[in-house]
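Colleague: I'd like a close look at one part of this model, the place where the two chains meet. Could you walk me through it?

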Amino acid sequence: MLNTCVNTSPATRSWPRGRGRGRVAFLGQAVTRAALCPCAVRRPEVECLIRLFHTLVPEAGERRGATGLDRNAFRSVLHLTFGMTDDMIMDRVFRAFDKDNDSCVSVKEWVEGLSIFLRGTLEEKMKYCFEVYDLNGDGYISREEMFHMLKNSLLKQPTEEDPDEGIKDLVEITLKKMDYDHDGKLSYADFEKAVRDENLLLEAFGPCLPDIKSSMAFEMQAFQETHDL
Amino acid sequence: MGVTLTRAAQWTSAGSGPGTLEITPLNESLLNEIIKFTEGFHYRHPQEAAFVFREPLEWKTRLDYSVFESGYEISGTTVQSEDKDKDGQPLLLLTASTIRVCSFGELSRLLSVATEKKLKEAQACLEANRDPIVKILGPGYGTVEGEDMSMLRLLEKVKKDDDPETEIKMKISLLLQQLDMQLLNSSLKHISREVRLTPTSVKNEVDLLKHFSGKGEDTVLESLEYTSDYEFSNGCRAPPWRQVHGEICYLIVKPHDTNPLFITCSTAGVFLNGGREKEKDDIEYERKSDIYKDLVTFLRERSPKFLENMAKQEYTFFEEPVHEKQQHLEIVDTEDSGQSQKFYDCSEKNVFEKMKSPPVKGKPIDKKLEPSLKWKDTGLAGSQDAAKKDIKEEKEVRPISHELKKKASIISSGSVKAQSAAKRKVSEKSEEASESSSESEEDEEQPERHQEGNTDLPSEYWQIQKLVKYLKGGNQTATVIALCSMRDFNLAQETCQLAIRDVGGLEVLINLLDTEDVKCKIGSLKILKEISQNSQIRRTIADLGGLQIMVKILDSPDKDLKCLAAETIANVAKFKRARRTVRQHGGITRLVGLLDCVSMGLANPTPSQAKDIEIARCGALALWSCSKSTKNKEAIRKAGGIPLLAQLLKSPHVSMLTPVVGTLQECASEPSYRLAIKTERMIENLVKNLSSENQELQMHCASAIFKCAEDEETRDLVRQHGGLQPLATLLSNSENKELLAAVTGAIWKCAISRENVTKIIDRLDGVRLLWSLLKNPHPDVQASAAWAICPCIENAKDAGEMVRSFVGGLELIVNLLKSEHKEVLASVCAAITNIAKDEENLAVITDHGVVPLLSRLANTNNDKLRRHLAEAVSRCCMWGSNRIAFGETKAVAPLVHYLKSDDTAVHRATAQALYQLSEDPNNCITMHENGVVKLLLGMVGSTDEILQEAAAGCIANIRRLALATEKAKYG
C-alpha cells in the first residue's frame, strides 16, 4: 500500500496546475514542515490525508479558516472507519486530536493525529493513549477515571449483589500491575514503564487506536482512492 | 413446592406412618428456601398475604404460648391472632401444642416469632401437611404428576368472572409454582453433589480395605467383615426387606483404636447402625450417625489411627461404580526418553525393543495399562472429590474423560501388590501392542498431586480463579487486563497451572485464540505457553482442540502471534496424539514454512529481520517436539525442511542451533535424513558445534553424529572435519551423563572405521578415556563406553598390549558383569569377546573369575544379552580348562535353550559357543540331555555358513563321544 503512495510522488510534483491542487500541495508542505518534521507519514501520504480531509469537510475550502471536523463528524469517522464504539473513548480521542481545544479538528490536527494512528512509534502512541485516558487532564489516571472507563467492561451477572464490585476489583488489579510508585494513581512514568514491560497494556482502558485490520483498510482506501481521483 | 416436596425432599422411608423429613443438607436447604419465601411474603405481596387458606395448616408446635407477644390475644395456654377472617375466626390459633394457621401473613409472623426454632416449625408444618397447596388453595390445586392443568383452569375462571379471590388465588398459585421451580433448581444442585453407592462400589471398597487390614501396626484396620456371607444376585447382602430401603450390606469394622463399629452401607451412603445385640441375630437398623459418602470417609472420621495409617500407605483409593461404559484401558508407554538419549535402539532397534530392561525399582510396573481401578496418592485428597467424580462420570458418557485418564495412571509402587494377576496379563498384552508402534509416548503421565481440600489451597488459587471469571465475563479491555495480571503469577507453579484448568480457564484461553482480537490472542498464548510445561495441561489443551487453532494462527500476518503459537505447539506436542494432531491439520508444512528465513546470514539484522529469525527459531522448536514421531519426520522431509534446517545450522546462536540440531538428531534415526545430513554438508557444522559452550548443544551434535556414523563415508567426514578430537576431549572433562553417553556413542560408531582408531582415537588416548568411563556410576555411560571400546580394540594396533597397560582395567571390566543393567551386561560381554581375542588377556580375565560370572548370566531371555554372552563364552572357552568350568558352573543347559530363540544372531553365537563347549565330554552329555541334537540338526540346514558349520561341528563332537562310549562298552 505504501508503495502506491510513494509512486504518486512524480505526479504530485506536477500538480501546481489547478488552483485547488496547488493549495493542497502547499498545505502539505507547510504541515510537514511545521508539525511533522521527523514525520512518520511520508509527504505524499500527507497529501492524501489532506485531500481526504477536504472530502470530509467540503465547505472548508470556501471559508478557509479555523473550521474543520466537528465532534460529531469526527466521531462518525472514528466509528465508521476505525470501528470504535465506546462513546466516551471516542470523545476522548476527539479531545486528543483537537489540540487547541476549539471543538474542531483542523487539517493540521487531522494529519498529526492520523500520523500517530498509522505510523506512530510506541513512544508517541503511549503519550497519546495516556492523554486519552487521563480524563481530567491532571497528568494522572486516577482510580475514579479507571472505574469510569472500565465500568462497562464486565458482563453484569444478575446474581451479583454489587455489580460494581467486579469493576472495582479490576481497577485494583490494574493498579497492582501498573502503579509502580504505589501512589494509588497512574502517572505517565508508571504507564510508560508498564507498557514497555508488556505492550498489551498500551490500550489498557479501552481501544483508542485503530486495530491493524481497519488501519490497513483505511490506508488502502485513503491513499489509493485519492490517488485515483 | 408440591413437586419438590414429593420428589426431591428426602422423606424417611424406613419409618411407617406419616413420614418425617430427615435432617439432611438437602432438606435443610429446601426448608431454608421455603422459610425465606414465607418470611418475606407479607412485605412483597401484602394483598395475597391476607388471603385466607381454604383449610388451616395444622401441626404440633414446639412453640410455647409465652413467645407470642403483641398482635396476639393470649388467654391461658391459648393464643389467638388479633386478625380474624370474615367469619370472625382467628387466622392463627394455638391450643395446647396444636397450632392452626390460615394465612401467609400469619405464617410470616409466626416464623419471625419462632426465631431460631423456625426451622423446626417449618419442618413440623410440612410433615403434617404433605401437600400444603391443597390446604391453601383447595383440592383442585393438588400436586399432580405430569401436565398440570390447574393454571389453565384458573385462567379460564378469571376470564369468566371477576371474583377478586380467584385472581388472588391465581397469583398465589403462580408464586408457589415459582417457588417450586426455585426449590427444584436448588435441590438439583444438591442432588448432583450426592453420591449413590452401588453394591459393586461397596464391594470393591471393602475388598480394597481388606488388603490393608489385619494384625500389626501398619494396617489401617484390625478387621473388616460382612455380617452375612450370603450375597444376593444383585450384589447386596442386606435381606430383601431391607434392600427396599436402599441398604446394600452391613459391616463390622474393628479399627485399631475404637470399639467395633456396626456399619450400614446403603445407596445413600455409609452410616453407623444400632449394632447387633448379643445372641441375637437381628441388627438394629436405625441410623445412628450422619451419612458419609463412602467407607473411607466414614472411617477417616471415626478412627484417627485409620487416618494416620492411611497416610503411611501413601495413597488412598476409591472405587467408582463399574459401568461397562466407564471401563477403559489407558495405554501409557513407560519409555521416558524425552529429549534424552537412547542409543541402543538406533542400530539394533528391534533387539533393544524386545529386551527392554525391567523398570527401575520404585517405578510402577503396571503403568502401561490401568483398568478402572483407581488410585490416588496422598492422604488428604480423595473421597470428597471421589463423589463428585462419580457423579460426573455417570453423567458423561464419554468414556475417556481427561480426569479419568490421569487418575488411571496414578499408581504408587505399593499398589502393585494389589493388582490382580488377570489385570497384569492384560497389561502385558497391551505393552506388546504399544511397542509394535514405532513411536513412543515420551510424555509420562504425571500423577495428579494437587490437593482438593479447599483449606489447603494457597491464595493464588483463588486470585487466579477470579481472573478467569473476568476473562469469561469481560470485554476485550477487561480480558487484556486479566491476562496481563495472570502473567504476574508464577505460572511455572503447578498450583497456578491447575487453578487455571480447574475453573475452566483453558477453555476460555483457547476460545480467545479463535477471536479476531490480536491482543487477546497474544495474551492468551503467552499464558498457554507457560502453563503447557505441565503435562496434564498439555493434554487438556489437546483435548480442547487448541492445537488446531494454533496451527491456524501460524498463518497469521502478526509475527508475535506466529512465534507464540509455534512455541506453544512446541510445548504441547510432547506426546504422540498431539504430534499426530499437528500433522493432520497441516501443522508440519506451516512450521517448516517458518524456517524459511532470508535474513539468517545477516550480521546486523534490523528489528524486523531479527523477528524473522526468531520466528524460524520458534518453528524449529516446534518441529523438534514434533519430530519424535516417525510420520512427522517424513512430513518434515516432504515439506522441504531439510535444506532449511541445513541453512539454519549455520547460525552462530546457540538458541537457534539447539532446536535445529535437536530436530536433526531426532530425525537421524531415518536413513533418508542420514543421507541428507551427509550430502547437505551438515556434518561439518555438527562437528563445529561439538566445541560449543553449551552442553545441550554438544550433546545433540554428538548424538546426531552417533546416529549418522553408521555410514562409513560419514565416519570419514567426521574425521576429516576434525570431529574426533573434540569428541575425545569431551570424554575427559565432562560430568554430564547424557553428554557422556552421547559422546561415547559417537566414538563407538566412529571407531568402526579402522582409520579413525589408528590415526586419531588411539593417539588421543581415547581408549584409556573410554576405559575410565567404565567407572562412571551411570549405567548408560558404562554401557556406551563398553560398546565404544569394542571397535577400538578391534581396530587398534597392539590392542592386547594396550589393554594390559591399563592398570586394573581388566578386573574393572570383569566386575561390570555384576551389573544389574542388561544393556551394560551386553556391552561388557561384547567388550570381553574382543579382549579375549588376546590370549594373555584371556588368561588374566580368567584369573579374575570371568567364567562363573558369565555362567551366572546364562539364565536370561534377553536376546541381545544372549547373543553377546554366547560370543563371550565361545571366546573364553579357548583358555585352559574354561570349557570344563563353564560346564561346572551350569552354563551349558541354558545355552542350549538359546537355540529356541527367534533371533538368528543368537543362534549363530550360541552354536559357536556350543561347538566350543562340546569339546568337553561332560558338556556333551548335558547338551544331549537337553535335546540339543534335534535343535542343531535344524540349523545344519541354515543358509548361514558359520551357523551351519558350528552346528555340524557340535553334532560331530557329540556323535564322536557317543561312538567312543559304545566302543568302550562293547569293545
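Which side chains do Asp488(B) and Lys177(A) bring together, and in what kind of contact do they meet?

Modeller: Keep in mind that this is a predicted model. The pair you picked meets in a salt bridge: the side chains of Asp488(B) and Lys177(A) come to 2.8 Å, N to O. Across the interface of chain B and chain A, the rule turns up 6 salt bridges. There are also 9 residue pairs in polar contact across that interface, both partners at pLDDT 80 or more.

On the chain B side, helix H19 (459-473), helix H20 (476-486) and helix H23 (518-531) each put in at least two of the residues that touch chain A. H20(B) gives the most, with 7 residues.

Now zoom out to the whole contact. It draws 21 residues from chain B and 21 residues from chain A. About 1800 Å² is buried between the two chains, and carbon and sulfur atoms give 60% of that. Of the area chain B buries against chain A, Tyr470(B), Ile481(B) and Lys519(B) supply 31%, more than any other three residues.

As for chain A, an unreviewed UniProt entry carries the annotation "domain: EF-hand" over residues 85-120, 121-156 and 166-201. In the model, residues 166-201 of chain A are 64% helix and 6% strand, with the end C-alpha atoms 19 Å apart. Residues 121-156 of chain A come out at 56% helix and 6% strand, and there the end C-alpha atoms sit 36 Å apart.

Notes
Residues numbered from 1 in each chain as written. Chains lettered and ligands numbered in written order. Predicted model: local features only at pLDDT ≥ 70, side-chain atom pairs only at ≥ 80, totals over all residues. Heavy atoms only, no water. UniProt positions renumbered as here; feature names shortened; annotations may be inferred. Helix = DSSP H or I, 4+ residues; strand = E, 2+ residues; numbered from the N terminus. Contact = heavy atoms within 4.5 Å. Buried area = accessible area lost by both parts, 1.4 Å probe. Salt bridge = Lys/Arg side-chain N within 4 Å of Asp/Glu carboxyl O. Polar contact = N/O pair within 3.5 Å; in protein donor to acceptor, adjacent residues only side chain to side chain.
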